[in-house]
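Dear colleague,

I am passing on to you the structure that we spoke about, with its sequence, and I would be grateful if you could look through it before reading my notes. What I found in it is set out below the structure, topic by topic.

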Amino acid sequence: QEFFLCVLQGPTGSAMRQLKHHEQKLLKKVNFKDWKSTNNVRDAAVMRKYFIQDDDDLEKYNRMCSRIAALANKLRDMPATDADRIKMTECLLDKLYDMGLVPQSKSLEECHKIPPTAFCRRRLAVMLVNLKFCQFMKQAVETVEHGHIRIGPDVVTNPALHITRQQEDLIEWAEGSKIKAEVKRFNNQMDDFHLLGN
């Protein structure tokens with residue numbers, strides 16, 4: 001909006017008339033991040049595929065990938081026989097493997113191959129679709145936001161939560177969830193106590 005108001009200023013720098021109501025409404029719909037000249041078609045496709053609601057999430061993933069690659073380059077510059085390099089390389093690869101970003105912790109080459117979509121695939125909503133809790137990504141996001149999912153004992157309402165390999169096995173339906181009751185009823189797993197309406 002500030003950019004738009006600067007354009008409306010005259011040559012002397014004095015501001016022109018106030019924007020009318022319908023002009024302000026139109027201005028709210030303008031997305032200043034999404035210019036036709038920029039090459040963000042791929043980013044839009046990734047956001048659509050993984051149902052990413054916040055624009056900044058993909059930028060954060062890109063930033064983290066570049067930082068991981070930069071750290072790998074710094075470790076590479078150290079002597080191969082250096083004890084600190086060996087220890088830090090093992091720590092980095094083990095951490096990346098635990099986060100689910102690399103398939104195996106073998107070498108620093110894995111660090112350069114991490115795309116931003118590796119982070120997208122570990123989001124809670126995406127994991128729910130992969131684990132067959134939900135059929136569609138939008139449905140998974142709504143399920144999480146409505147408090148139907150828990151990780152261990154804690155109910156989670158953030159669909160963008162990063163799921164590690166350890167947390168992957170702890171994803172369950174929340175206690176008292178109507179979806180959980182419906183799934184049990186469908187699979188004939190309801191016990192007599194619940195069938196009586198208790």
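Asparagine 158 is 13 residues from glutamate 145 along the chain, and the C-alpha atoms of the two are 6.3 Å apart. Please keep in mind, here and in everything that follows, that this is a predicted model.

**The chain as a whole**

For orientation, the secondary structure of the chain consists of 12 helices and three strands. The chain has 198 residues, of which 30% count as buried, and its accessible surface comes to about 14000 Å², with 54% of that surface belonging to carbon and sulfur atoms.

The three strands form an open sheet in the order 2-1-3, and their pairing is antiparallel. Strand 2, residues 154-156, and strand 3 stand at the edges with a single partner strand each, and therefore one side of each has no neighbour in the sheet. From one strand to the next, the twist averages 45°. Strand 1, which covers residues 149-151, is joined to strand 3 by three bridges, and these two strands run antiparallel. Within this part of the sheet, isoleucine 151 stands opposite isoleucine 171, a residue of strand 3.

Two residues of the loop between strand 3 and helix 11 are worth looking at together, and they are glycine 176 and serine 177. Glycine 176 is exposed, with a relative accessible area of 72%, whereas serine 177 is buried, with a relative accessible area of 7%. The C-alpha atom of glycine 176 is separated by 8.3 Å from that of histidine 148, at 28 residues along the chain, while the C-alpha atoms of serine 177 and glycine 147, which are 30 residues apart along the chain, are separated by 8.0 Å.

**Aromatic rings**

There are two aromatic pairs in the structure. In one of them, the ring centres of tyrosine 61 and phenylalanine 119 are 5.4 Å apart and the planes are at 5°, so this pair is stacked. Because tyrosine 61 lies in helix 4 (residues 55-77) and phenylalanine 119 in helix 7 (residues 116-120), the pair ties together parts that are 58 residues apart in sequence. Both tyrosine 61 and phenylalanine 119 are buried.

The other pair is made by phenylalanine 133 and tryptophan 173, and since their ring centres are 5.3 Å apart with the planes at 55°, this pair is tilted. Phenylalanine 133 sits in the loop between helix 8 (124-130) and helix 9 (137-145), and tryptophan 173 in strand 3 (residues 171-173), so the pair ties together parts that lie 40 residues apart in sequence. Phenylalanine 133 counts as partly exposed at 23% relative accessibility, whereas tryptophan 173 is buried, with a relative accessible area of 14%.

A further aromatic ring has a charged residue as its neighbour, in that arginine 165 lies over the face of tyrosine 97, at 4.1 Å from the ring centre.

**Two positive phi values**

Finally, I would draw your attention to two residues in loops. Phenylalanine 51 is not a glycine, and yet its phi is positive, at about 55°. This residue has its place in the loop between helix 3 (41-49) and helix 4, and with a relative accessible area of 27% phenylalanine 51 is partly exposed. Lysine 132, likewise a residue other than glycine, has a positive phi near 65°. Lysine 132 is found in the loop between helix 8 and helix 9, where it counts as exposed at 71% relative accessibility.

With kind regards

Conventions: Residues are numbered from 1 along each chain as its sequence is written. This is a predicted model: local features need pLDDT of at least 70, side-chain atom pairs count only at pLDDT 80 or more; totals for chains, interfaces and linings use all residues. Side-chain values use heavy atoms; hydrogens and water are left out. Rings of Phe, Tyr and Trp (its six-membered ring) pair if their centres lie within 6.5 Å; planes under 30 degrees apart count as stacked, over 60 as edge-to-face and the rest as tilted. Helices (H or I, at least four residues) and strands (E, at least two) are DSSP runs, numbered from the N terminus. Buried means under 20% relative accessible area, exposed over 50%, partly exposed in between (1.4 Å probe, protein chains only). A charge sits over a ring if NZ of Lys or CZ of Arg is within 6 Å of the ring centre and within 35 degrees of the ring normal. Two strands pair if DSSP finds at least two bridges between them. Axes are lines fitted to C-alpha atoms, for helices over the stretch in contact, and angles run from 0 to 180 degrees between N-to-C directions. Accessible areas come from the Shrake-Rupley method with a 1.4 Å probe; for residues, only the protein chains shown count as cover.
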